[in-house]
Amino acid sequence: MSTATVTTPTASSAVDLDLKPLRFGAAAMFGIAAMRPALPDAVPLGPPCPLRTFTGIPCPFCGMTRGVLAIVHGDVSAAFAFNPGAFLIVAMAVVLLVAWRWQRVRIPVWAVFLFFALLWAYQLFKYSTGRPL
């Protein structure tokens, strides 16, 4: 009779990420953001947010695409207004492309939850005060 061991997450748990596929995503993000002004305005930036579509409440990532586009094109204040998390995403993409020798990275689970919580708190603040989403 064998027993399976179940490991429960602890405060020291971390997410282990392979960086190779993320590098392709970072390069694609910069390429698309750089080409966006050449596309007609009728072309959508991405699929609509399901949470906001069904409930009207913004998710932590609402405005992230527009924020990344604004940063790539140098409009820092608009990027912060859309979603301040765009700065971290762009910074991570730059690091992924520059630090090409890194193969893996470990991110503490608490940092991931904190990132999402701060982004959502900002979005809910904008939502509750009537600021544009």
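I will start with one residue. Val-90 touches Met-29, Phe-30, Val-68 and Ile-71, leaving out residues up to four places away in sequence. Keep in mind that this is a predicted model.

Those names come back in the core. The largest nonpolar core has 15 residues. Val-90 is among those with the most contacts inside it, along with Met-29, Val-68, Ile-71 and Ala-86. H1, H3, H4, H5 and H6 are the elements that give two or more residues to this core.

Now the chain as a whole. The protein chain has six helices and two strands, and along the sequence the pattern reads β-α-α-α-α-α-β-α. Of its 133 residues, 26% are buried. If we take contacts between residues at least 6 apart in sequence, 67% of them join residues at least 24 apart.

Next, the helix pairs. Two packed helices are described by the angle between their axes and by the distance between those axes.

H3 covers residues 64–72 and H5 covers residues 85–98. Their axes come within 8 Å and cross at roughly 60°. How do H3 and H5 lie to each other? They are therefore oblique. The crossing in which H3 passes H5 is right-handed. On the H3 side, the contact is made by Met-64, Gly-67, Val-68 and Ile-71. On the H5 side, it is made by Gly-85, Ala-86, Phe-87, Ile-89 and Val-90. Sorted by class, the contact of H3 with H5 has seven nonpolar residues, two polar ones and no charged ones.

The second pair is H1 and H5. H1 runs over residues 19–35 and packs on H5 at an angle of about 115°, with the axes 9 Å apart. The crossing of H1 and H5 is left-handed. From H1, the residues in contact are Leu-19, Leu-22, Arg-23, Ala-26, Ala-27, Met-29 and Phe-30. They meet Ile-89, Val-90, Ala-93, Val-94, Leu-96 and Leu-97 in H5. By class, the contact of H1 with H5 has twelve nonpolar residues, one charged residue and no polar ones.

One residue from that list is worth a look in the viewer. Val-94 is in H5. Is Val-94 buried, exposed or partly exposed? Its relative accessibility is 38%, so Val-94 counts as partly exposed. Val-94 and Ala-26 are 68 residues apart in sequence, but their C-alpha atoms are 7.5 Å apart in space.

Back to H3. Which residues of H3 are buried? Met-64, Gly-67, Val-68, Leu-69, Ala-70 and Ile-71 are. The cover over the buried residues of H3 includes H1, H4, H5 and H6, where H6 is residues 109–129.

Last, the end of H3. His-73 sits in the loop between H3 and H4, and H4 is residues 76–82. His-73 is partly exposed, at a relative accessible area of 43%. Setting aside neighbours within four places in sequence, His-73 is in contact with Ala-33, Ala-34 and Pro-37. The C-alpha atoms of His-73 and Ala-34 are separated by 7.6 Å, while the two residues are 39 apart along the chain. Gly-74, which also follows H3, has a positive phi, near 85°.

Conventions: Residues numbered from 1 in each chain as written. Predicted model: local features only at pLDDT ≥ 70, side-chain atom pairs only at ≥ 80, totals over all residues. Heavy atoms only, no water. Axes fitted to C-alpha atoms, helices over the stretch in contact; angles between N-to-C directions. Helix = DSSP H or I, 4+ residues; strand = E, 2+ residues; numbered from the N terminus. Parallel < 35°, antiparallel > 145°, perpendicular 65-115°, else oblique. Left-handed = near helix turned anticlockwise from the far one by under 90°. Contact = heavy atoms within 4.5 Å. Nonpolar A, V, L, I, M, F, W, Y, C, P; charged D, E, K, R; others polar. Buried < 20%, exposed > 50% of the residue type's maximum accessible area, 1.4 Å probe, protein only. Core = buried A, V, L, I, M, F, W, Y, C linked by side-chain atoms within 4.5 Å.
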